[in-house]
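Reader: Please take me through the reading of a fold, a helix pair and a pocket.

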Amino acid sequence: MPQIKWTRWLFLLLMTAVLVSLSACASTDFQSWLDPQAPIAKKQVSMLYYTSWLGSFVLAAVIAAILIAVFISFRKNDELPKQSHGNVAVELGLIAVAIALVTAVAIPAIRTINSLRIDKVPLEDALVINITGYQWWWQFEYPDSGIITANEVHIPRGKNVIFNLDSADVLHSFWVPKLAGKKDLIPNQKNQLWFATDKDTPLGEYYGQCAELCLGAHAYMKTRVIVDSPEDYQKWVDSFSSNYEFTTSSDAAKGKQLFTQKGCGACHAIQGFTTGSPDKPNLTNFGLRNTVGAGLVASTKENVANWIANPQTMKPGNYMPTLWQEDDPNKDEETQAIAAFLLSLGKQSQTQATVGGINGN
Ligand code: CUA
């Protein structure tokens, strides 16, 4: 029958699609949650493995039972076996097995969920960070130190972090798979997310991604969590309070002027320089960030200049205006200068901190 052939092909196609999708779960990926590096993510992944193994066992048992039934029934002849309806012992047995299986999933699941309840976190020594989601970037505010920064958030290793989640526009979702599960940022609803790291969490950068379709540049709404040693975290915090000189080279000095001339300061706040707008990315200490455009590309001078010159080409739909005409002869020079200025922000204070440390030893 041609119809059977057609469904077989469809089945094969579906199985191939499933296999291809599974191959995307490589744990080496920067955003793989199958490679947990912090206690919360580890607990969540172990639940996944446990339920997957249990599910696989049930699947294998059911398939085996069907095969045995078919084999026994058709072993002797090709006729249908005796048809009957209902077997009290079998049905009660299956109900009991089903209850046992659900219980076997429910108990560890409830225990895990309970152990991850945010009200279990001792608040007195937790670091609180407010996250506001915007189309298509993140604002991080540290109420204790008054730091406001964008897209990259520093946390000290070993300290509990409570993120207060809010959104300025539509639904977003904060997700850094290797550290902890995700949670939605919903306008006018206070959500909280708990991050914990311990001595087994490698220091460094963790990739994150907005996990709730928020239109436009949703796919490019990325983030980075930088897990610092307590000392490095303190240095990073201190870099926001130092009164550093902004300009280190003539290029950067020119960029500083252009930043004002082009009106960048109307949107972007830089501590001690421009007040900007509270709902636009704060660029204080931009030079200490690893990426530009909400995790879009590495913050090399070339990329930053390109971002300033062609924001719409790099991240279509974002709210950065294009300030230079295509044929503006000064475009390259000016955007390079602004990039040099932005990349100098925070670098000096960091150097000072490092030099101070070396001298101190
Ligand atoms: Cu924000 Cu998707």
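Predicted model: local features only at pLDDT ≥ 70, side-chain atom pairs only at ≥ 80, totals over all residues.

Reader: What radius of gyration does the protein have, against that of a compact globule?

Author: The radius is taken over C-alpha atoms, and the globule rule is 2.2 Å times the number of residues to the power 0.38. For 361 residues the rule gives a value near 21 Å, but the protein has 28 Å. Its C-alpha trace spans about 95 × 55 × 40 Å along the principal axes.

Reader: At what angle do α2 and α3 pack?

Author: Axes are lines fitted to C-alpha atoms, for helices over the stretch in contact, and angles run from 0 to 180 degrees between N-to-C directions. Helix α2 (residues 39-75) and helix α3 (residues 88-115) pack at about 175 degrees, their axes 11 Å apart. The pair is therefore roughly antiparallel (angles over 145 degrees). Contact means heavy atoms within 4.5 Å; among the residues making it are Met-47 and Leu-54 of α2 and Leu-101 and Val-105 of α3.

Reader: Which residues lie nearest the centre of the largest pocket?

Author: On a 1 Å grid over the protein atoms alone, a pocket is an open set of points where a 1.4 Å probe fits, with protein on both sides within 12 Å along at least five of seven lines; lining residues have an atom within 4 Å of a point. Here 37 residues line the largest pocket, and His-268, Pro-281, Trp-307, Asn-318 and Met-320 lie nearest its centre. The pocket holds about 730 Å³ of space.

Note on methods: Residues numbered from 1 in each chain as written. Heavy atoms only, no water. Points joined across faces, edges and corners; volume = space filled by probe spheres on them. Helix = DSSP H or I, 4+ residues; strand = E, 2+ residues; numbered from the N terminus. Parallel < 35°, antiparallel > 145°, perpendicular 65-115°, else oblique.
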